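Here is a friendly walk through one model, with the sequence and the 3D view to hand. Follow along in the viewer as each part comes up.

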Amino acid sequence: MGIFEPDRSAGRLPVSVITGFLGSGKTTLLRHLLAQPGMGDSAVIINEFGEIGLDHLMVEHLDGETVVLASGCVCCALRSDLETTLRSMLARMRSGTIPPFSRVLLETTGLADPAPICQMLLNNPLVSHFFRLDSLVATLDVVHGNGQLQQRGEAQKQAALADRLLLTKIDLARPCVVAALHDALVALNPMAVRHEVTNGVIDPEALFGGGGFDPSTKSIDARRWLAEAGDGAAGEGAHAHHHAGGIRAHCLTTEGVLDWPAFQSHLQLLRHTHGDRLLRFKAILNLTNAEGPVIVQGVHHVFHPPVELPTWPDDDRRSRLVCITDGVDRATLEACLNLAHDGTG
């Protein structure tokens, strides 16, 4: 028997972390990936900021296991929950209670600092014995990316630690804006591979299986963030509320059927009066004359065209809205989004 421990990395299940600031296209990317051949045996973990989760309702995942970690940020208080979830999923797969999976895809909240996640996957023996960090993918909205890198520490860390950087919403930005974001990312993380994508469309092989996450390729700041994230319980506690400030997730629900023109008018008021502080808006709506739920998403003043899903993902037919804001209170949101029923609900 040799004196060295054999390399067992090939036998550990790969984990790919999909991160990126609010509204940068993480869920759109995940939806596209799971629709690709060969990705159906992925286990999916989705973390959401706020007590009502919507992202998992927007992702069709037929074969594998999907787990939602809600009511917090996976990089903070839920780090232990992520450890427990991974070990539980592995035990349930081995016992045959959930389908076999060959990889794990973790979508973080847009406010996540990925450094503690990386540390846990790399150095927690209860996890790293069975799982390996394969890649860290960060999405950046080209319309708002430069401003977010300058103003939001979370966005900067997400981009600095990533192996792959996906510049999203290319179709919405001028070439000079895209070029400026490329320049900023080269300065921040020159070793990362960059891709331009629209509507989350990219070959999965471009994102996974590149030899594993390598901290030595990161900048001095990024390596320091990783080291600080591994300082133990005291460090985790100190980190837990670094993005609290005025950022809040306001979750609104309403019964019955909504009239789209009336709702659109109220939404326009919200965008006009508070768009600069509207970090993320996402909603699943029960609308008149729509067979399935209608998805509405936006960041600041920029909103995507509404998309109707073919069927409701569950039995809950309420309209549900999540507004993540910086300095806008719930009463103001409720006043702007004076939800108008069409009389049938």
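Two residues are in contact here when they have heavy atoms within 4.5 Å. Please keep in mind that this is a predicted model. Leaving aside neighbours within four places in sequence, Pro 14 is in contact with Ser 102, Arg 103, Val 104, Arg 132 and Asp 134.

Asp 134 is 120 residues away from Pro 14 along the chain, yet the C-alpha atoms of the two are separated by 5.2 Å. Is Pro 14 buried or exposed? Its relative accessible area is 17%, and buried means under 20%, so Pro 14 counts as buried.

Eight of its eight residues are buried, so strand 1 is largely enclosed by the rest of the structure. In a regular strand the side chains alternate between the two faces of the sheet. In strand 1 both faces are covered: Leu 13, Val 15, Val 17 and Thr 19 are buried on one side, and Pro 14, Ser 16, Ile 18 and Gly 20 are buried on the other.

Which strands pair with strand 1? One is strand 5 (residues 131-141), paired in the parallel sense over eight bridges; here Gly 20 has Thr 139 as its bridge partner. Another is strand 4 (residues 103-107), also paired with strand 1 in the parallel sense, over four bridges. In strand 4, Glu 107 stands opposite Ile 18.

In soluble globular proteins, nonpolar side chains tend to be buried together. In this model the largest nonpolar core has 45 residues, and those with the most contacts inside it are Leu 86, Phe 101, Val 104, Leu 121, Phe 131, Leu 165 and Leu 185. A second, separate core has 20 residues, including Leu 252, Phe 281, Leu 287 and Val 328.

Now turn to helix 6 (residues 153-161). Seven of its nine residues are buried, so helix 6 is largely enclosed by the rest of the structure. The buried ones are Glu 154, Ala 155, Lys 157, Gln 158, Ala 159, Ala 160 and Leu 161.

Helix 6 packs with helix 8 (residues 220-229) at an angle of about 105°, the axes being 9 Å apart. The two helices are therefore roughly perpendicular to each other. Gln 156, Lys 157, Ala 160 and Leu 161 of helix 6 make the contact with Ala 222, Trp 225 and Leu 226 of helix 8. By class, this contact has five nonpolar, one polar and one charged residues.

## Residues to find in the viewer

Lys 169 lies in the loop between strand 6 (164-168) and helix 7 (175-188). Although not a glycine, Lys 169 has a positive phi of about 60°, and at 12% relative accessibility it counts as buried. His 300 sits in the loop between strand 10 (294-299) and strand 11 (302-303). Phi of His 300 is also positive, near 55°, and His 300 is buried, with a relative accessible area of 16%.

Finish at Ile 247, found in strand 8 (residues 247-254). Ile 247 is buried, with a relative accessible area of 6%. Thr 325 is 78 residues from Ile 247 in sequence, and the two are 5.5 Å apart in space, C-alpha to C-alpha.

Note on methods: Residues are numbered from 1 along each chain as its sequence is written. This is a predicted model: local features need pLDDT of at least 70, side-chain atom pairs count only at pLDDT 80 or more; totals for chains, interfaces and linings use all residues. Side-chain values use heavy atoms; hydrogens and water are left out. Buried means under 20% relative accessible area, exposed over 50%, partly exposed in between (1.4 Å probe, protein chains only). Axes are lines fitted to C-alpha atoms, for helices over the stretch in contact, and angles run from 0 to 180 degrees between N-to-C directions. Angles under 35 degrees count as roughly parallel, over 145 as roughly antiparallel, 65 to 115 as roughly perpendicular and the rest as oblique. Ala, Val, Leu, Ile, Met, Phe, Trp, Tyr, Cys and Pro count as nonpolar, Asp, Glu, Lys and Arg as charged, and the others, Gly among them, as polar. A nonpolar core is a set of buried Ala, Val, Leu, Ile, Met, Phe, Trp, Tyr and Cys residues joined through side-chain atoms within 4.5 Å. Two strands pair if DSSP finds at least two bridges between them.
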